[in-house]
Amino acid sequence: MLERSETEDLVAMVREARRVVAFTGAGISTECGIPDFRSPGGLWATNRPIDYDSFVSSAGMRREAWRRVFAMEPVFRAAEPGRGHRALAHLVRIGKASAIITQNIDNLHQRSGVPAGRIVELHGNGSYATCLGCGLRHELDEIRGPFLETEEPPACRGCGGMVKTATVSFGQTMPEDEMARAAEEAEACDLFLAIGSSLVVYPAAGFPLMAKRAGARLVIVNREPTDLDPFADMTITSDIGDSLVALTQLNA
């Protein structure tokens, strides 16, 4: 169980803060039934990630990518926001947190009640797809049936281009608007909470240090140590849900 002193210290730091920004990784969603990527037994232990160039250049890789999407879809559909998601949604709701920057693609921050405009999705969103050519949005429901029947990668209903989940793959350009907005939020906050992230994927993992350099206090909540722990004002390695649930008691 989480030490009481850590709980009190975290709550006090959030209470004292003028503007909180949260940065979340896969660890916040594991209690929701969504496995992370890098740990033993994680998604990449059995499925090597398909990079962007392979997706674009190979129909076979596109077919495999979509097979994985629909193999994992029941897990994502069944997942409900956890205690960590709900705690951060509460901080947004009472005006304490200005934004949630997330590496996650599971849509659980939105489902926890955080307005889409307060969420910065660095790695996109896996709950829908877009055309790589014209950008037209495609819902997974319209793709699932035809793909499972024919195993043919979907084509855009508008321009006939390649359709991919609205996620950022290895080798794919990071979204400029989201990166710029994340930087603005990191530099404007006075408390930066890095939650459930191994903090090894750059450039996204650079935002905690960006906030620290701008004068913010840095708290890292993660089950395993990170390379940025020496720069943190506080580190918590206990269960993430246990660590954050007390924040739901804060008032505006």
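The model is a predicted one.

Start with the second largest pocket. It holds about 380 Å³ of space. A total of 21 residues line this pocket, and the closest to its centre are Glu121, Gly124, Tyr128, Ala166 and Glu178. How does one find such a space? Rolling a probe the size of a water molecule over the atoms shows where empty space is left.

Sorted by class, the lining has eight nonpolar, eight polar and five charged residues.

Now look at where the second largest pocket sits. Domain 1 covers 1-34 + 81-123 + 174-251, and domain 2 covers 37-78 + 124-167. Both domains give residues to the lining, so the pocket lies between them.

Helix H8 has 13 residues. At 1.5 Å a residue, they should span 18 Å.

Which residues of H8 are buried? They are Met179, Ala182, Ala183, Glu185 and Ala186. These residues cover an arc of only 165° around the axis, so they lie on the same side of H8. Turn to the face pointing away from that buried side. There you find the exposed residues Glu176, Asp177 and Glu184.

Finally, trace the backbone through two loops. One loop runs between helix H7 (140-150) and strand E6 (163-167), and Glu151 is found in it. Glu151 has a positive phi of about 60°, although it is not a glycine. Is Glu151 buried, partly exposed or exposed? Its relative accessible area is 43%, so Glu151 counts as partly exposed.

The other loop lies between strand E7 (191-195) and helix H9 (207-213). Leu199 has its place in this loop. Leu199 also has a positive phi, of about 55°, and is not a glycine. Is Leu199 buried or exposed? Buried means under 20% relative accessible area. Leu199 has 2% relative accessibility, so it counts as buried.

Stay in the loop between E7 and H9, for Pro203 lies there too. Look at the peptide bond from Tyr202 to Pro203. This bond is cis, with omega near 15°.

Key:
Residues are numbered from 1 along each chain as its sequence is written. This is a predicted model: local features need pLDDT of at least 70, side-chain atom pairs count only at pLDDT 80 or more; totals for chains, interfaces and linings use all residues. Side-chain values use heavy atoms; hydrogens and water are left out. Helices (H or I, at least four residues) and strands (E, at least two) are DSSP runs, numbered from the N terminus. Buried means under 20% relative accessible area, exposed over 50%, partly exposed in between (1.4 Å probe, protein chains only). On a 1 Å grid over the protein atoms alone, a cavity is a set of points where a 1.4 Å probe fits but cannot get out, and a pocket is an open set with protein on both sides within 12 Å along at least five of seven lines; lining residues have an atom within 4 Å of a point. Grid points are joined across faces, edges and corners, and a volume is the space filled by probe spheres set on the points. Ala, Val, Leu, Ile, Met, Phe, Trp, Tyr, Cys and Pro count as nonpolar, Asp, Glu, Lys and Arg as charged, and the others, Gly among them, as polar. Domain bounds come from an automatic or database domain assignment. The expected span of a helix is 1.5 Å times one less than its number of residues. The arc is that of the directions from the helix axis to the C-beta atoms.
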